[in-house]
Amino acid sequence: MSEASLPKPLAALDGEVDFGDRTRTLYATDASIYREKPAGVVFPRSTADVRRTVTYARDAGVSITARGAGSSLTGNAIGSGIVLDCERHLDAIADVDPDACTVTVQPGVVLEDLNDYLEQYGLYFPPDPSTSSTCTIGGMVANDAAGPHSVQHGTTSDNVRRVECVLADGSVETFERVAGDELDCQTDRSDRVGEIYRTVRNLRVEHAAEIEAQYPDVDRNSSGYDLERAAAADGTWVDLSQLLTGSEGTLGVVTEVTLALTTRPEVRAGALVFYDDVVTAAAAVDDVLDADPSVLELIDATVLGYARDAWGIDLVPADAGAALLLEVEATTDTQDDRLEAVIDAACTEAMVGVERAFGKDAQAELWQIRKASNPLLNRHPGDEQALSFIEDAAVPPSELPTYLERVGDILGSHNLEASVFGHAGQGVLHVKPFLDLRTEADRDRLEAVSEAVHNLVIELEGCVSGEHGDGRLRSAHLESMYGPTVHDAFIEIKRAFDPDDVFNPGNVIPASDGRLAGVTENLRYDGYDPEAVETALDFGAEGGFDAVVERCNGCSKCRSTGDGVMCPSYRAVEEEGTTTRGRANMLREAIAGDLGEEALTSKWFQEDVLDRCLACKACETECPTGVDMAKLKTEAKHRKHERDGVPLRARLFGNVRTLNRLGSMLAPLANRLAAARPGRVLLDRVLGIDRRRSLPAFAAESLEEWFATHEPGPRAGDRGHVALLADCYTNYNHPAVGRATVRLLEASGYRVSLPDTACCGRPALSQGLVDTARENARENVETLAGLVDDGVPVVSVEPSCVSAFDEYGDLLDDPRGLPDATYTVAEFLDAEGVTPPFDRAAGAPTVAVHGHCHAKARDRDDAPLALLRAAGYDPVQVEATCCGMAGAFGYKTEHYDVSTSLGADLVAKIDAVDADFVAATGASCTQQLTDHNVDVEHPIVLLEDRLGG
């Protein structure tokens, strides 16, 4: 279905309506294995907008699929009709009642944002799915989301008190628990609501015995409709908020929800208990539950081994075949006893060790081991991917050993492997086999394994959906699970709420035409045949350009707006197309030929899809699947240049070293010309370099010129020799930073040389000039390889230069060890354990430190803080995303607003620190902050100021 096939246009809304093909492509997938292009997307601003859209859809015979972050694993956030994106505007926290411990919110509120807001009241909303930084309350209600702490605090449904929703007839109703006269009043109504109340109450009473027999005895059950909790067996009360929770958007569109809150615990304490294998670990679960833990997670040997061997977490014993992660909530006085009671309950003959953790840092390490499942599964080499299709089964905890053994047998019979981890305390273990759904054989295995595992779950009296919902994956199993009587009751409930099949038809129960979502229908890669992409960069280690694109599983991490860097463009404008996921979706469609001929190198694709990426490199590490969008962008821009030639602006920005050298030679005249209004107007009109952005000043004396006459300090050479890169900015724009670096290194005992190197290649890579970057890399390897062979480390002030050296393997067959021998200055000193001779007598001023995004992406941003601390400063890391400058990005007229928006956000976070000094590690960051009237220093300059005699 498309906009052209709709019977009439959608009436004007306060929000946005987008039925364009590009937006439809962006919303064709979620975090599941499915793809279905919608007719269009609506971004409602109000309940009235939702009502108008629902009425339109009903009249037009079009379905409605409500969507939050699009993090659904079952495909219930995509559909062929209208997708309602409820996150963009419906994100208000309407009311907090601290005394009643409740909060009322709109569905687009993100869980992490809500809990940050509630911190001032000492309260929080306890369900904590792994997508907490992006998932919305509406999505949590739809799927009855849970998380590790639900073993003590329950799932979303346990904490929902009231739901406002738009029904299929366009009416807006509020549902909560009602009884007595109020219930009689509701059942006496002659409208749609009266029909719903009568249907639910009568079904609950009529089928009370069948419901008692068929509903599984598990703590987590998001399968079907929760008729068991929606009404009393004797019909004395009805709570339709419980029915809507977990209904996956098939009964109505939630527009407001009131949630019960929990007081934040005084302290938490944790432990890892190690066992011989997963079966013996699972056998201990029942006893541990009796000790009332707040968390009870299981981790298998594969995850433990990855944490130990890849991450170097040495607290994992070599003989550990599995572990239980335990946690208790307590007071400071009781935490020891509470934790020991839980550990004692976990002790069995199969136990091989225990690690206790008190305090946030120690507990973070335990949770890091649990989180090792992410990169282990999502960055698996090869064409197979870890797929979510049997990952959500919930069985009684006492059945976990049997379940694990028999699932292992099922997978073994299909020659499949899978890692096991998850919420053992509630019998929900995430098992994700590796399959390649581009092949018919693996699509057949998907269906066979799904059928076998879910039949096993039903045999063990569990439920097929513990926290992720039924959607397209599991709806077909519901009749077997609940029996025909209860399943028919589900159908009656759907018809009472939604007689015209407006809401998410074919999910949970069959549509009115009998259609039911099938596990192998509308698969993302069924019939997928991408164009072979020959690359200028080396993608061999990743499996090719297309493999990097296809690695995106849609998990929504790139929509985070809290901690981390990814994805700065999304944080600025909050549009799906500016996420790594959105770009990956568009790239996948482009190479598959679904966006038109030559889409990848088209002007619209380059400008609308790729150019809004700041190439911050955060997705390389923060993206759970490691989709390196900066590298993909470079390759795509290179292909564009090969086809159409290189624009002048790209040539200038890609050869900034030459420009800066000329500017320095002509300073101060060049500075006056660059600042003059006629020149700025010309640059704006001809090259699109925004006149509102100041240009970096050129230094009359470059670092190289100063160094030629520099006399080394008395300690230089005591520890050996380092080669300092005179990068484009330090050399010609900020030589004072370079001079401070030389003095700092010499005072630390190093003889400094300044090799005659070419540009690192980062500017060229950012513009897609791969051939230029390769020539830069080749020259630098020829210049520096001899030093590296002699054991001389190469250091740089500029993090983006070091990250460029990291990528020389993408440009050259043999980078001669240069990537491994190149460091930022602070990283080098910190790694060597060298503390310069600082004079700490001058007090301890606070320094707000903004780390370069490339340094954050590659875990280099802590080193400057360690040195500042050693020098007697009190450094505070500013938790912010990319500054928004991103090399050339912030200079371009079309990106100026996004860039300055990100800069303003950074300044606000710096101001909140109220520091004596502000420091930034990158030249671009310094430029951005200077343009926002912030006095900023490089950390090395501050360190040099503290050098003793």
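Tutor: E894 is partly exposed, with a relative accessibility of 47%, and in this predicted model E894 forms a salt bridge with R649 in which the closest N and O atoms are 2.7 Å apart. Because E894 lies in the loop between β26 (874-877) and α40 (896-913), whereas R649 belongs to helix α27 (residues 648-654), the pair ties together parts that are 245 residues apart in sequence. As a general point, side chains of opposite charge can pair when their charged atoms come close.

As for accessibility, R52 is partly exposed, its relative accessible area being 37%, while D49 is at 0% relative accessibility and counts as buried.

Helix α35 (residues 770-789) holds both R774 and D771, which are three residues apart, about one turn of the helix. The closest N and O atoms of the salt bridge between R774 and D771 are 3.5 Å apart. Here R774 counts as buried, because its relative accessibility of 16% is under the 20% cut-off, whereas D771 counts as exposed, because its value of 51% is over the 50% cut-off. Elsewhere, salt bridges that share partners join K617, E620, D628, R762, D806, E807, E827, R858 and R860 into one network. A search of the whole structure finds 61 salt bridges, among them the bridge between E894 and R649.

For the setting of another part of the fold, one can turn to a sheet. Five strands form an open sheet in the order β5-β6-β12-β8-β9, and their pairing is antiparallel. At the edges of this sheet are β5 (93-97) and β9 (172-175), each of which pairs on one side only, and the twist from one strand to the next averages 10°. Between β5 and strand β6 (residues 102-105) the antiparallel pairing extends over four bridges, and D95 has T104, in β6, as its bridge partner. Helix α3 (residues 111-118) lies across β5, β6 and β12 (253-260), and runs at about 40° to β5.

Conventions: Residues are numbered from 1 along each chain as its sequence is written. This is a predicted model: local features need pLDDT of at least 70, side-chain atom pairs count only at pLDDT 80 or more; totals for chains, interfaces and linings use all residues. Side-chain values use heavy atoms; hydrogens and water are left out. Two strands pair if DSSP finds at least two bridges between them. Helices (H or I, at least four residues) and strands (E, at least two) are DSSP runs, numbered from the N terminus. Axes are lines fitted to C-alpha atoms, for helices over the stretch in contact, and angles run from 0 to 180 degrees between N-to-C directions. Contact means heavy atoms within 4.5 Å. A salt bridge is a side-chain nitrogen of Lys or Arg within 4 Å of a carboxyl oxygen of Asp or Glu. Buried means under 20% relative accessible area, exposed over 50%, partly exposed in between (1.4 Å probe, protein chains only).
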